[in-house]
Amino acid sequence: MKFIVSAIASFLFLQPNASSVFGFHAPTAFIASPSSSKSNTADLQKSTTKLSATCGGKLNCRAIGIGSAAPKTVVTNSDLENIVETDDEWIRTRTGISERRLLLHSDETLEEGEEPETIKSLAIGAAMGALEMSGVDPLDIDLVIVATSSPDDLFGDATSVAASVGATNAVAFDLTAACSGFLFSTVTAGQFLDKGTMKNALVVGADALSRWIDWDDRNSCILFGDGAGAMVLSTTVSEEGGDDAEAALPGILGYSAHSNGKGYGDLNCGYKGSARPVDTPGEQTVLSAGSYNKLAMNGKKVYAFATREVPTVITEALDAAGMTVDDVDWLLLHQANIRIMETVAKRLGMPMDKVITNLSKYGNTSAASIPLALDEAVRSGQVKKGDVIACAGFGAGLSWGAAIIRWG
C-alpha cells in the first residue's frame with residue numbers, strides 16, 4: 001500500500017496531465033521547455049524535458065505551523081580536528097559551518113528509562129511543534145509526508161510518525177529526494193490540498209546522514225549534521241468568501257522542479273551488499289546481504305551544479321507566480337554551503353541580509369535544512385505573517401526545485 005501511495009504522489013507531482021486523471025491542479029501551461037535551463041554540458045542541456053521538469057502557479061493552501069528538532073550532541077569544528085586533518089578556520093571559511101548536531105549510537109549514554117534519539121523521534125518532535133503552532137487537531141490531518149533518505153525503517157517512517165503524533169486519520173508515506181525532499185514534499189502536499197479534497201497536511205523533512213558519512217574523509221565529514229523540521233499546510237479553498245479574506249489567499253504562489261539522472265554519480269549513497277550463501281539443493285545460491293556504501297560526492301561538480309541551476313529554478317518559480325525578485329522578502333536555500341548561498345543571492349540580485357541561514361549551527365541536514373531554518377526564523381520574529389519567501393532545495397539525483405511561499 002505504501003508503494004502504491006508513493007507512486008501516486010510522484011505521478012501527481014511530475015505528470016503535466018495529472019488533473020485529467022485525478023481531478024486536481026497540475027497545470028500544463030508552465031511545463032518548462034528544453035531550453036529553460038542552461039547547462040555547461042550536453043547531457044544537462046538535454047535533461048530538462050517534460051519528464052524531468054514541471055512548473056506551476058498558485059496552489060490553494062497556506063503554511064500555518066512550523067517546528068524543528070535536533071540531536072542533543074554537538075560536535076564542533078575543533079572537535080573534528082581530533083578526527084581528520086582540518087581546523088576550525090579552514091572549515092568555517094570554506095563552508096560557513098561552525099558546529100553540527102549528531103545522533104549517537106542508541107546504546108550510548110542512555111540513562112534508565114530514557115528513550116534513544118533516532119531520526120523518527122526527531123521527526124515526531126518537529127511534527128509536534130508544527131502542530132502546536134498551527135492549532136490543528138492531529139485528527140484533522142489528512143496527509144503526512146516524511147521526506148527522508150535515511151529512515152529508521154527501510155520501509156519508511158511516515159506511518160509511525162503519523163501514529164505517534166495522533167494523526168490517525170491521515171494517509172502517510174515517505175518521499176525520497178535527498179536534499180530536495182522537503183521542497184518536493186511541500187509541493188506534493190499542495191497538490192492534494194489545492195482543490196480542498198484534503199484539508200490539512202503535515203510535511204516533515206528528517207535526515208541523519210551522519211550514519212552514511214566516511215568519518216575519515218575530511219571533505220565530507222565536516223559538512224553534515226542530523227535534524228528534522230516540519231510544516232503544517234491547510235487548504236484555503238473552503239475559506240474563500242469567508243470573513244477572513246487574508247486566510248483565503250494561496251500560500252504557495254509558484255513552483256518549479258527538475259531532475260537529471262545524468263548527474264547521479266556526482267552525489268550518491270549506493271547499495272553495497274555482501275555475499276550471503278544459501279544452501280539450496282544442488283549448487284549453493286549466493287544472495288546479497290543488504291548494506292550501503294558511504295556517501296560519495298564530487299564537491300566541485302555539485303557546487304557548480306547548484307550555483308548554476310538554483311538561480312534559474314527560483315526565477316522559473318517566480319515567473320510561474322507572476323512575481324519578480326523585488327517581490328521577495330526572504331531567500332531560503334537548502335543549507336549546504338555558505339558560498340553557494342552567497343553566489344545564488346548575488347546572481348539573483350539579493351543582499352545577504354535577506355538570506356535566512358542557520359548553517360553555522362547545524363551544517364547540512366539534508367531534507368531537514370529548509371524547515372529547520374524556517375522554524376528558527378519564524379519563532380525569532382525574523383519572518384512575519386504575509387512575508388514572501390523564495391525557497392529552493394537541491395541535491396542528489398541530481399534534483400532541484402523552488403517554491404515561492406507566503407508565510408501564514
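This is a predicted model: local features need pLDDT of at least 70, side-chain atom pairs count only at pLDDT 80 or more; totals for chains, interfaces and linings use all residues.

Reader: Why would residues three or four places apart in a helix point the same way?

Author: An α-helix has 3.6 residues a turn, so residues with that spacing point the same way. In α11, Ile340, Val344 and Leu348 are among the buried residues.

Reader: What covers the buried residues of α11?

Author: The cover includes α5 (88–95), α10, β14, β15 (355–356), α12 (359–362) and β16.

Reader: What should I look at where α11 starts and after its end?

Author: At the start, a side-chain oxygen of Asn337 comes within 2.7 Å of the backbone nitrogen of Arg339. After the helix comes Gly349, with a positive phi near 80°.

Reader: Which helix is mostly covered?

Author: Helix α13, residues 369–379, has nine of its eleven residues buried. Among them are Ile370, Leu374 and Val378, but also Ser369 and Asp375. Just after α13, Gly381 has a positive phi of about 90°.

Reader: How many residues are in the largest nonpolar core, and which have the most contacts inside it?

Author: That core has 46 residues, and those with the most contacts inside it are Val310, Ile314, Leu331, Leu333, Phe394 and Ile404. Two or more residues each come from α10 (299–321), β14 (330–333), α11 (338–348), β16 (388–395) and β17 (399–406). Helix α10 gives the most, nine residues.

Reader: What is Val310 in contact with, leaving aside neighbours within four places in sequence?

Author: Val310 touches Phe305, Leu333, Val344, Ala392 and Phe394.

Reader: Which residues form a nonpolar patch on the surface?

Author: Leu154, Phe155, Tyr271 and Tyr292 form one, with about 510 Å² of accessible area together. Leu154 sits in the loop between β5 (143–147) and α7 (158–164).

Reader: Why is Leu154 called exposed?

Author: Because its relative accessible area is 69%, and exposed means over 50%.

Reader: And the chain as a whole?

Author: The chain has 13 helices and 17 strands. Of its 408 residues, 53% are buried. Among contacts with a separation of 6 or more, 74% join residues 24 or more positions apart. The accessible surface comes to about 17,600 Å², and carbon and sulfur atoms account for 51% of that.

Terms used
Residues are numbered from 1 along each chain as its sequence is written. Side-chain values use heavy atoms; hydrogens and water are left out. A nonpolar core is a set of buried Ala, Val, Leu, Ile, Met, Phe, Trp, Tyr and Cys residues joined through side-chain atoms within 4.5 Å. Buried means under 20% relative accessible area, exposed over 50%, partly exposed in between (1.4 Å probe, protein chains only). Helices (H or I, at least four residues) and strands (E, at least two) are DSSP runs, numbered from the N terminus. Contact means heavy atoms within 4.5 Å. Patches are made of residues with over 30% relative accessible area and no salt bridge: like charges are joined within 9 Å, nonpolar side chains (Val, Leu, Ile, Met, Phe, Trp, Tyr) within 5 Å. Accessible areas come from the Shrake-Rupley method with a 1.4 Å probe; for residues, only the protein chains shown count as cover. A salt bridge is a side-chain nitrogen of Lys or Arg within 4 Å of a carboxyl oxygen of Asp or Glu. A polar contact is a pair of N or O atoms within 3.5 Å; within protein, one must be able to donate a hydrogen and the other to accept it, and residues adjacent in sequence count only if both atoms are side-chain atoms.
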